Amino acid sequence: MKEIIQDIKKRFNCTDEVEQSKTQAYITVQKELAVALITHLKDIKGFTHLVLLTAVDWIENNQFQLTYMLNNPTKKIDLGVRIFIDRETATMDSAHHLWEQMATYQRELKEMFGIDFPGSPRLNEQFILEGWDNIPPYRRDFDTLKYAQETFFPREGRETNDPAEFMKKKMYPDEEK
Amino acid sequence: MNDIIVKLLWTLLGLFIVLNWGLLMGATMRKIVARVAHRYGIPFYQPWLDLIKLYSNRSSISHGVMFYLGPVFRLGGGLGIFLFLPLIYGSEHFSNFSWAGDLVLILYFQFFGMLGMALGAGEGGHPNSVIGITRGLGQFTTVELPLTLAVVSIALQYNTLSISEIVAAQQGGFQNWTLVTNPLATAAAMFSLLGLFRHAPFNLVMAPNEVPIGPPTEYHSAFLGVLRTNGAILHVVEAALFMNLFFGGATHWIEFIIKTFLIYFWSVFVGVVSPRFRIEQSVTWFLKIPLLIGILAVIIFI
Amino acid sequence: MSEHNKKDMNEDKFFAEENKKRIVTGPDGVQFEVDPLQDYFCDKRPVAKDPKQKVIEKFLNWARAESLWVLGFGTGCGSIEIPPLLTPRFDAFRYGVQMRPTPRQSSVLIISGYLAVKTLKRAIRSYEQMQNPKYVLALGSCTINGGMYYDSYNTINRLDYYLPVDVYVAGCMPRPEALLAGFNKLKERIKAGRAEGANDYANKFDWYKANQKKIIKDWNMPDYNW
């Protein structure tokens with residue numbers, strides 16, 4: 001594992017490697033070199049299995065983080081490739097020529113986060129949401145509770161059994177008053 | 001004039017008995033299948049309740065004239081078989097309208113009902129109905145083949161096409177039954193019986209687990225009620241047809257009930273432990289051994 | 001009666017290209033107009049059918065209650081509790097409950113669990129194809145007040161604003177015994193003559209449709225699916 005990461009760091013100028021365990025590691029790479037790195041990992045280093053492609057919304061830094069999880073079936077190790085892209089104009093190169101199921105992952109990210117992958121097949125078709133005209137719902141500035149309360153008719157009289165509230169009431173009953 | 005009205009009333013009484021016995025027999029068979037599967041099963045009165053519920057539905061959708069007439073044709077086929085079949089041999093009340101050539105007429109009525117309903121279901125507009133019809137008619141054609149050969153064989157054997165005379169020739173004890181005197185024709189017909197009663201392994205067309213459940217996909221409310229009524233009548237009269245042709249007929253009602261029950265039980269007995277054949281498998285199955293036995297049965301008597 | 005103003009259907013951004021009204025040239029050169037969304041059978045509102053006289057209706061309700069045909073449409077996570085009902089341990093056939101594959105032949109629609117907006121569109125289509133009298137059995141707490149998914153952007157919170165519900169069965173998910181108790185309660189309700197969901201739907205049709213169209217924004221089907 002360590003040799004693979006050292007080799008990739010020299011070739012593609014990666015930063016921030018994290019070894020989560022003996023079989024799982026993460027590295028960060030620049031957006032322009034990302035597809036080249038993934039192609040190198042797939043064809044030469046033996047990471048032929050794509051596990052997933054997901055995104056994280058870092059609204060404080062105004063960035064999206066894309067994570068490509070790759071798996072090496074012979075050596076049985078996982079490697080996560082992190083890419084940071086800008087949040088306002090969120091686009092990324094499409095990698096559907098490497099694995100065909102990338103098109104589905106990219107379609108989901110387009111619908112849920114608004115990240116564009118130009119060239120990906122069937123990118124703009126409705127996937128999980130039908131008839132959606134609001135901002136992409138996985139972004140952190142979308143208030144889903146407020147949206148649910150406005151659109152669907154909530155029923156009154158809903159009680160919560162939140163454990164934190166329950167313990168607070170039990171242990172500090174005087175603080176309520 | 002009076003005799004024909006009296007005879008009509010006796011025939012209607014016979015139809016009433018046959019209909020109720022058909023519903024009860026259907027419920028009993030489902031209960032037996034359920035007991036084999038180690039559960040209690042439906043109560044005995046369930047088919048009557050299903051029919052009452054279907055007929056009392058407050059709304060129904062019709063897709064046109066042929067859709068409306070489809071179940072009517074099917075019921076016409078079932079009633080046609082019933083009217084020309086002597087139920088109890090020797091009784092002038094329950095011999096219905098049987099006459100000289102009724103064997104061929106009954107074979108015609110079997111196919112006629114199915115064709116009429118196929119036309120009706122085709123107008124339903126549901127694509128699954130059409131798939132079901134093509135499957136059902138394809139299977140039915142090959143199912144009829146061994147039966148027709150067996151019928152030709154016993155027509156040659158007894159030199160007659162009237163069911164009453166065939167029954168008359170089988171009276172007088174076990175040794176005169178067609179089962180004993182012409183076992184090849186009986187074997188071919190019993191194979192074909194498995195396909196006629198639409199139990200496993202040949203129940204692909206009407207099984208609800210198959211999404212195209214055949215012709216009744218779009219039928220509902222009173223239409224489905226008519227189809228189910230016909231289904232009950234058809235079970236009994238087909239078993240009675242086999243009873244008259246191969247097993248010596250019945251001279252009173254107890255014998256009729258026992259024999260039709262056992263003949264229907266043969267198909268459930270095979271079906272309860274068998275999975276389903278696909279249509280192409282069942283068509284090729286019928287064109288192998290049952291067809292061979294049927295051809296042998298005809299050749300012997302030429 | 002269509003609440004969709006046909007004039008601005010072309011500006012609706014969810015309106016698919018192939019559903020628009022257009023002029024088509026036939027094989028022999030004849031031009032004719034084609035309107036894919038106009039259904040030649042689905043062009044009327046539903047009509048409430050009155051029940052018959054008291055004694056006859058009591059008998060018919062008894063027969064309907066003892067022979068419940070359920071549509072085999074698992075709408076949510078609660079539908080995993082329905083196959084155990086058909087196994088020998090719980091055996092719903094004793095109670096007259098049978099599964100049918102098409103909505104035309106069934107009289108009970110089981111909404112099991114949460115109902116996404118996508119599924120609601122299909123459930124409405126199935127419900128409207130069932131025949132009068134029809135009943136809805138709602139399983140799980142997601143149909144009552146949103147349950148675990150009350151703050152989700154994609155699931156509804158109250159089922160009875162979209163479909164007329166007869167019996168709610170609480171739980172997450174209710175066990176098969178609870179589901180059988182729910183069926184018994186439905187039978188009592190039918191026998192008492194209070195389960196008139198289809199007539200309710202026909203009488204308050206505009207209100208139900210307004211609620212449904214508020215959340216289903218790409219309405220590319222007839223207003224009432226006969």
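What volume does the largest cavity have? The largest cavity has a volume of about 110 Å³, where a cavity is a set of points on a 1 Å grid over the protein atoms alone at which a 1.4 Å probe fits but cannot get out, and a volume is the space filled by probe spheres set on the points, joined across faces, edges and corners. This is a predicted model, in which local features need pLDDT of at least 70 and side-chain atom pairs count only at pLDDT 80 or more, while totals for chains, interfaces and linings use all residues. Residues are numbered from 1 along each chain as its sequence is written, chains are lettered from A and ligands numbered from 1 in the order in which they are written, and side-chain values use heavy atoms, with hydrogens and water left out.

Turning to chains B and C, 32 residues of chain B are in contact (heavy atoms within 4.5 Å) with 32 residues of chain C. In chain B, Arg39(B), Lys53(B) and Arg58(B) lose the most area to chain C, together 27% of what that side buries, buried area being the accessible area (1.4 Å probe) that two parts lose on being put together, summed over both. Four salt bridges are found across this interface, each a side-chain nitrogen of Lys or Arg within 4 Å of a carboxyl oxygen of Asp or Glu; Arg104(C) forms a salt bridge with Glu218(B), their closest N and O atoms being 2.8 Å apart.

How values were computed:
1 Å grid on protein atoms, 1.4 Å probe; cavity = no way out; pocket = protein on both sides within 12 Å on 5 of 7 lines; lining within 4 Å.
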